[in-house]
Amino acid sequence: MNAALEIQLIAALTAAGCAIPGVFLLLRKMSMVSDSITHTILLGIVLAFFAADDLSSPFLLVGAAIMGPVTVWLTELLTKTKLVSEDSATGIVFPLLFSIAVILITKYAGTAHLDTDSVLLGELAFAPFDRMVVFGLDIGAKGLYISGGLLIINITFVSVFFKELQVVSFDPVLAAVMGFSPTLIHYSLMTAASLTAVGAFEAVGSVLVTAFMIAPAAAAYLITDDLKKMLFIAVGIGAVSGVLGYHTAMLLEVSIAGCMACWTGLFFLGAFLYSLAVKKVKTGRLKKLKKII
């Protein structure tokens, strides 16, 4: 498999994996949580690195995954005081935790390969150079297996808990009456979003993770009210944006991640214009009906 195809597959799988939790974050009006998590997981990675002193240690993944729900918990803790709004709490918590991580890297991990620029922007062009080798056999880019694994985990999670996620997203009170635990589902979703962000940011960076999580979900939300269709449309938009973004970047000789993020924005714009057109048609039909009546 050549490098160009591997890059496109990694981007498409990553985008699809990000879009799934992104739909539920959007429905729960927690879109900016994705941006928050993709930044604060760096602190989890740094702290785990200090504990394990090994950049290849699985504890880095664990530390990053834990930091996502911790970020949400701290944000909610501030919000519950009624002294600050939820968006203000988000704007306080994630810059604070991210800044602490940057300071710790600068002060104590200057010689380690912990690059804040790669966390923010990623570099898909280098993804094919990080190979998965099993018993001396090269079986492809490591990013393919990470992004594919995350997609399978998210599909499994949503398939198993679809009813619970649906009810909790639209009516948490009804979920509690039906015997579901809104808190448990909430933090399970946050953990899934954290794992997705952790697995994706090394290749695509936190900025593109946020774009893949929210823009396809927002576009799908404008196109359909059916949750299952929304998930499929969001996954499709994310995957296609990844592929088109790569070819656009090659054509213009510019940033791959930047082009992919731009395509998610263009798809959202198209969905927005479509939604406006449908609304205008419905309004026109309603006016005609009133005249007839």
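Begin by selecting Val23, Leu124, Val158 and Met260, which touch the most other members of the largest nonpolar core, a set of 65 residues. A nonpolar core here is a set of buried Ala, Val, Leu, Ile, Met, Phe, Trp, Tyr and Cys residues joined through side-chain atoms within 4.5 Å, where buried means under 20% relative accessible area with a 1.4 Å probe and protein chains only. This is a predicted model, in which local features need pLDDT of at least 70 and side-chain atom pairs count only at pLDDT 80 or more, while totals for chains, interfaces and linings use all residues. Residues are numbered from 1 along each chain as its sequence is written, and side-chain values use heavy atoms, with hydrogens and water left out.

Now centre on Met260, which, leaving aside its neighbours within four places in sequence, is in contact (heavy atoms within 4.5 Å) with Ala11, Leu124, Leu208, Phe212, Ser241, Gly242, Gly245 and Tyr246. A second, separate core of 10 residues can then be found by selecting Val46, Met67, Val93 and Leu97, which are among its members.

Finally, turn to the second largest pocket, where Arg28, Met30, Glu76, Glu86 and His186 lie nearest the centre among 22 lining residues. A pocket is an open set of points on a 1 Å grid over the protein atoms alone, where a 1.4 Å probe fits, with protein on both sides within 12 Å along at least five of seven lines, and lining residues have an atom within 4 Å of a point. Select H3 here, as H3 gives the most to this lining, with 6 residues.

Key
Helix = DSSP H or I, 4+ residues; strand = E, 2+ residues; numbered from the N terminus. Buried < 20%, exposed > 50% of the residue type's maximum accessible area, 1.4 Å probe, protein only.
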